[in-house]
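Let's walk through a protein model together, one step at a time. Have a look at the picture first, and then read on.

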Amino acid sequence: MNLSQDELRSMYRTMVSIRNFEETVKQAFAKGHIPGFVHLYVGEEAIATGVCTALRASDTITSTHRGHGHCIAKGCDMNSMMAEIYGKATGLCKGKGGSMHIADVGKGMLGANGIVGGGPPLACGAGLTSVVTGSGDVCACFFGDGACEQGTFHESANLAAIWNLPVIFVAENNGYAQSTPATYHCAIENIAERAASYGIPGAVVDGSDVFAVHEAAVEAVKRARAGQGPSLLECKTYRHHGHFEGDQQTYKDDLYKSVSQGKDSIRDFRALVTQHGWFTAEELDAIDREAEQAVEEALAFAESSPVPQVEEVTSDVYVSYP
Amino acid sequence: MSKVGIVANPASGRDIRRLVAQAWVVSNQEKSALTARLLRGLEAAGVEQVLYMPEPAGICPKACQKMGSTRLRVCPLEIPVSGGPQDSTRAAAAMVEARVGCIVTLGGDGTNRAVFKGSGSEVPLLPISTGTNNVFSEFHEGTSAGLAAGLLATGRTDRDTACTRSKVLWLHDPSGVVDLALVDLAVTTRTFIGARAIWEVDNLKELFLTRAQPWSIGLSAIGGFVETVTAESPRGLHLVFGPGGRRVTAPLGPGLFREISISAVHQLALGEKKPLEMREPVTLAFDGERDRLAVTGEELEVRLSSEGPWVVDTARAATAGLRAGD
């Protein structure tokens with residue numbers, strides 16, 4: 001598998017869009033412009049990008065409380081995302097979900113989730129839907145290392161295995177569940193080893209390398225679409241910022257900090273593609289500027305959008321059944 | 001003081017071949033259990049100290065917990081831990097400096113390549129397979145492997161009796177040696193390193209082998225389906241792939257057979273250097289793992305050498321070592 005220029009360009013654009021979006025959210029949050037909490041995806045861009053570029057438009061994803069990167073990689077509109085984070089009526093969920101509950105079902109993004117481990121059961125539902133309808137779609141289920149200790153992950157992995165569901169469980173192991181190191185909360189070093197307990201394949205990839213993630217995701221998607229069932233990808237990664245904005249990160253040890261600083265999927269991507277002569281630095285800089293501009297527009301859109309009307313508070317809360 | 005080094009790679013046996021082939025998983029718990037058996041073997045042979053590579057999974061400390069009391073002094077090396085293959089290289093160099101009599105490795109061929117980069121060829125290796133496609137490392141039971149390594153480290157047998165010298169492929173650029181492979185060095189047209197392993201053949205361009213064994217899995221097997229070159233054979237093999245050649249269907253991974261067309265087969269003599277044709281960007285794979293990008297026009301040569309690591313033959317070591325104690 002070699003990637004085309006268009007695919008490489010798209011990957012790069014997605015990664016820098018995520019990075020720009022998150023750094024902009026960080027600044028806006030620091031100014032007090034954003035209600036609630038935000039959890040940033042900086043440092044983990046390669047995972048959402050590598051996985052989502054292996055999906056087709058009708059495939060679905062489930063996300064986490066750190067979901068902005070997943071949304072962007074799945075093609076959600078950044079204006080509406082930013083407006084949602086700002087709690088504005090023009091947001092993807094009319095401003096009533098906020099950062100941790102962004103969803104865009106039309107794009108196959110079934111929802112960020114404020115509940116740690118909330119995504120895997122939903123992914124099984126999406127996988128079952130695919131089987132029942134015969135759509136051939138797959139669901140990529142993103143979750144963190146903390147979620148791997150939740151019963152929902154284990155139940156979902158087992159369910160997906162016994163029903164042979166087309167689900168790709170993507171463990172984003174950034175080494176910390178909030179502030180608790182994975183070395184403390186997880187009895188084993190590699191989450192992927194747990195796959196064997198459910199009779200499904202599990203592999204570890206470098207989550208800072210978009211090519212490694214993409215290669216593995218392509219193979220996992222191929223299996224799932226061919227009716228060979230679920231798999232578990234563990235992407236070893238590093239969270240560059242805190243668990244939430246404002247987190248002082250005093251729990252991060254020196255080794256984590258030093259290794260984390262050396263891991264940058266965007267920098268590594270630039271080095272590779274310019275070394276090979278596939279893109280010039282100027283071409284990549286132009287993509288950077290486009291991404292910056294798109295995020296600036298998203299910010300302006302969010303800031304100028306209206307807040308939801310009070311009378312809207314109960315709308316969209318309950319589904320009306322015929 | 002008799003000393004043995006242990007490099008247990010917590011990352012071996014986890015790669016994408018669990019998805020694309022029927023590769024097995026050796027958990028770090030099993031590596032700890034294997035290490036506990038290994039330590040008992042070393043203890044029985046009279047080894048006094050064991051130096052081990054520190055790593056995040058704590059394979060050796062957990063093995064010590066399983067063992068309970070022991071006469072062995074089991075000590076971590078005081079080296080920085082990065083979580084990458086350079087840890088194995090750094091640990092091996094530190095073990096040689098500490099004058100260990102043998103280094104036992106738990107990993108795959110890639111682990112041993114990293115270890116040999118640090119150890120050089122003086123201290124023998126005892127490679128126990130916990131990886132995926134293993135040609136250099138073999139399946140050994142920990143107890144008997146520990147006994148064999150211990151008999152060598154305590155001087156009850158010697159290197160010439162208990163060990164076999166393996167070959168190595170050196171990669172040269174104009175400045176000198178820049179990398180090495182213990183079993184295979186492949187040139188692929190895949191343009192990125194990515195998930196590292198090789199499980200498809202459509203990107204394979206050239207293959208250099210120290211061993212071509214039809215009973216192995218991995219790239220070595222491709223050569224083995226043409227002719228057999230063992231670890232002891234004083235030669236290697238160089239294959240060029242392309243359409244219209246001899247077609248072989250070889251096991252590229254566990255349960256994974258692939259057909260490939262071999263357009264040319266060249267013998268590779270010890271000491272012989274072969275230049276790589278660098279007409280396009282390529283990725284070089286060492287012992288089955290893509291690890292180095294090379295650009296068009298780069299001057300690279302591959303040389304087969306007999307100066308690879310000494311490898312402990314557990315049967316010979318145990319037989320000679322125990323006979324010496326009679």
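Two residues are in contact if their C-beta atoms, placed from the backbone, lie within 7 Å. This is a predicted model, where local features need pLDDT of at least 70, side-chain atom pairs count only at pLDDT 80 or more, and totals for chains, interfaces and linings use all residues. Residues are numbered from 1 along each chain as its sequence is written, while chains are lettered from A and ligands numbered from 1 in the order in which they are written.

Start with chain B, which is assigned domain 1 (3–166 + 309–324) and domain 2 (168–305); such bounds come from an automatic or database domain assignment. Taken over C-alpha atoms, the centres of these two domains are 27 Å apart. Where they touch, 20 residues of domain 1 of chain B are in contact with 25 residues of domain 2 of chain B. On the domain 1 side, α5(B) gives the most, with 6 residues. Helices here are DSSP runs (H or I, at least four residues), and strands (E, at least two) are too, numbered from the N terminus. By class, that side has 8 nonpolar, 7 polar and 5 charged residues. Ala, Val, Leu, Ile, Met, Phe, Trp, Tyr, Cys and Pro count as nonpolar, Asp, Glu, Lys and Arg as charged, and the others, Gly among them, as polar.

Now look between the chains. Their contact takes 24 residues from chain B and 27 residues from chain A. Helix α1 (residues 17–20) of chain B gives the most to chain B's side, with 3 residues. That side of chain B divides into 14 nonpolar, 6 polar and 4 charged residues.
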